[in-house]
Structures are given as structure tokens and as C-alpha cells.
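Please open the structure in your viewer and keep the sequence beside it, ready to select residues one after another.

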Amino acid sequence: SEIDVYEDGIAVVKKWMGYHHVDRHTVKEYWKYEWEIIDRHGRVTALSPKIEMVDDISEGIIKYHITDSPLFDGRYGSWDLYGFCDMKGNIIKKAQYSWADSFREGRALVRVLETGAYEYITMAGDVLPKHTFMRARPFSEGIAAVYGNDNYGFRISFIDDIGHIKCQFDRAFGDLDMRYDNSYVFCEGVANAIKKDSDGSVKYFLINKKGEPLTEKTYDAIT
């Protein structure tokens, strides 16, 4: 068994459960896991066998995924699918997303499998704001950066948790590239943004919550 400790003293216990499958020609060994949640008072909750892998616990919500799962009657092969459950093991969102971030400020950023678009879900499992985006970043200090939507246009927009636009700026000013997962995440009112030079190199600069640069300087890296 293996134990990981998360926020608020929550412990996750992973138990290895090996078994064999025998057919006429071969004997194959498989591994599966059973998961238990132990709270700070020592209470133990066994999670559903459908939860194959616990990825993270944030804001009292468990992010999990299932592996090697056939989708749509097997038409699209196999994928990892991500979902969420509460600390009692009740499913909030079944494993259906091709990617998912952990909950931050009451919202989780997820990628819809069928379209590749991004959306935000609440702890109740609702989609809010009720839009999808080509690109998006998690919420931080009440703001999220999004790009590519019929309602918001093809500009980088900062939105609040109900989808109201706080400010917008042209993509030429900055690039919401999903590969740079630390960009457009605010800390004490400041975030780093990225833009690409003509040669494709990435430069970083600092912005405030209005999307205004704090300095004309750009940097090769910001930590």
C-alpha cells in the first residue's frame, strides 16, 4: 500500500490488488487499485471501484481518472478520462474529460473530449460560465484568461467567475498558449504573460488585472 497526504490532513491510501487472467494460451498478470480516504479524525471512506486513479485533492474535491477506457463504442480507441468526486466518494462529474485541472477558487478547468474546447465546472458539476473556449487558464484572484469564443471574440479576455468581461486585449499583445501553464495566473495582482517574437521565441512580461504591462521590459523566463 501507499499513502499520500493532501490538504487539511487528508490522507489517500492506495492499495495494490493484483490478479491473474488465464486463457487457453497465456497467463497474464494485471494490477488494479483500491482507494481509501482518511480524514484528520481517522474516519475511513472507501472510494468506488470505478475510480482507478486518484490524481489530486483540492478544495475538498477529488480529481480522478480512469485508464484505457473505450469510448463511443470503441470508435475512437482508448483514452484517459478525468472526473471529480467529493470526499465521500460521491461522483460530481463522471470521468468524461480528456484533461482536467484541479479545483481553484470553486472552479475547475476541463477539456471537452469531443471538441477539444475548454470550459469551467463548479463544485456542483454545473458549467459556469456557460461557454466553451479554444484556450483558457484557471481562475486566480477572481479572474481567468480565455481566448476564442463567439461571445468574447478572438481576443484574450479576462473574465470573472460568472463570465463578465473585465478587460480584453489583442492577441498581438500576448499569446494564450496552453503549453505555458504558469502564464496568466495572478498572485497579489500580478501575472506573467507571454508573447512570441517573429522567430518564434517566447518572451515573458508582467501585467496587472487590467491587462496593462507593468514595464516595457521582456524576459526569457519569470519564476
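**A tour by selection**

Select Asp-160 to begin: beyond its neighbours within four places in sequence, Asp-160 is in contact (heavy atoms within 4.5 Å) with Phe-139, Gly-142 and Lys-166. This is a predicted model, in which local features need pLDDT of at least 70 and side-chain atom pairs count only at pLDDT 80 or more, while totals for chains, interfaces and linings use all residues. Residues are numbered from 1 along each chain as its sequence is written, and side-chain values use heavy atoms, with hydrogens and water left out.

Staying with Asp-160, you will find this residue in the loop between β13 and β14, where strands are DSSP runs of E with at least two residues, numbered from the N terminus.

Next, select Leu-176, which is one of the residues with the most contacts inside the largest nonpolar core, a set of 18 residues. Such a core consists of buried Ala, Val, Leu, Ile, Met, Phe, Trp, Tyr and Cys residues joined through side-chain atoms within 4.5 Å, and buried means under 20% relative accessible area, calculated with a 1.4 Å probe on protein chains only. The elements giving two or more residues to this core include β13 (156–159) and β16 (202–207), and β16 provides the largest share, 4 residues.

Finally, select Asn-90 in the loop between β7 (78–86) and β8 (91–100), and then Leu-47, whose C-alpha atom is separated from that of Asn-90 by 8.4 Å.

Key
Buried < 20%, exposed > 50% of the residue type's maximum accessible area, 1.4 Å probe, protein only.
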